[in-house]
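Colleague: I would like to go through this model with you and ask what stands behind each term.

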Amino acid sequence: QVQLVESGGGLVQPGGSLRLSCAASGSIFSINAMGWYRQAPGKQRDLVATINRSGGPNYADPVKGRITISRDNAKNTCNLRMNSLKPEGTAVYYCNANIETTGWTPFQDYWGQGTQVTVSS
């Protein structure tokens, strides 16, 4: 019933910028935290940034200062603006959302299918 769709990935040069978007749709009563995670080949899935329902952001140290996370509660969307991209930023980026589908159902984590970001010359 709930679906998360990421968009905005692609190939960019080092030092370039990208804006990733995540849209949640389906049976949604409320969304608590949303966030972005990334996974490179052979590595674990790591936190990039999260944002609570009030708009308070949290950033992972490696990307702090180069990214900005935001959300629009009316549209059920979450965006990740990435500046000064580095080759080590190459990974599949996944959107995550903690969602309550009904007024009486506990919040559960949902994941998108991911969008590829490649930083290369």
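Predicted model: local features only at pLDDT ≥ 70, side-chain atom pairs only at ≥ 80, totals over all residues.

Modeller: Residues are numbered from 1 along each chain as its sequence is written, and side-chain values use heavy atoms, with hydrogens and water left out.

Colleague: How many helices and strands does the protein have?

Modeller: The protein has 0 helices and 11 strands. Helices (H or I, at least four residues) and strands (E, at least two) are DSSP runs, numbered from the N terminus.

Colleague: Why does the radius of gyration agree with a compact globule?

Modeller: The rule for a globule is 2.2 Å times the number of residues to the power 0.38, and the radius is taken over C-alpha atoms. With 121 residues the rule gives a value near 14 Å, and the protein has 14 Å, so the two agree. The C-alpha atoms fill a box of roughly 50 × 25 × 25 Å along the principal axes.

Colleague: What makes β1 and β7 edge strands?

Modeller: Two strands pair if DSSP finds at least two bridges between them. Four strands form an open antiparallel sheet in the order β1-β3-β8-β7. β1 and β7 each pair on one side only, and they are the edge strands. Neighbouring strands here are turned by 15 degrees against each other on average, direction ignored; the axes are lines fitted to C-alpha atoms, for helices over the stretch in contact, and angles run from 0 to 180 degrees between N-to-C directions.

Colleague: How do you know that β1 and β3 pair?

Modeller: They have 6 bridges in the antiparallel sense, and the definition asks for at least two. Val2 stands opposite Gly26 in β3.

Colleague: Which strands pair with β4?

Modeller: β4 pairs with β9 over 8 bridges and with β5 over 5 bridges, both in the antiparallel sense. Arg38 has Tyr93 in β9 as its bridge partner, and Met34 stands opposite Ile51 in β5. The hairpin of β4 and β5 has 6 residues between the strands, and Gly42 there takes a positive phi near 80 degrees.

Colleague: What makes a set of residues a nonpolar core?

Modeller: The set holds buried Ala, Val, Leu, Ile, Met, Phe, Trp, Tyr and Cys residues joined through side-chain atoms within 4.5 Å. The largest such core has 28 residues, and those with the most contacts inside it are Trp36, Val48, Leu80, Met82 and Tyr93. Its largest share, 5 residues, comes from β9. In soluble globular proteins, nonpolar side chains tend to be buried together.

Colleague: What does Met82 touch beyond its neighbours within four places in sequence?

Modeller: Contact means heavy atoms within 4.5 Å. The partners of Met82 include Leu18, Leu20, Ile67, Tyr93 and Val117.

Colleague: Why is Arg71 called buried?

Modeller: Buried means under 20% relative accessible area, exposed over 50%, and partly exposed in between (1.4 Å probe, protein chains only). Arg71 has a relative accessible area of 17%, so it counts as buried. Arg71 lies in strand β7, and its contacts outside four places in sequence include Ile31, Met34, Ile51, Arg53 and Cys78.

Colleague: What share of the residues counts as buried?

Modeller: Of the 121 residues, 38% count as buried.
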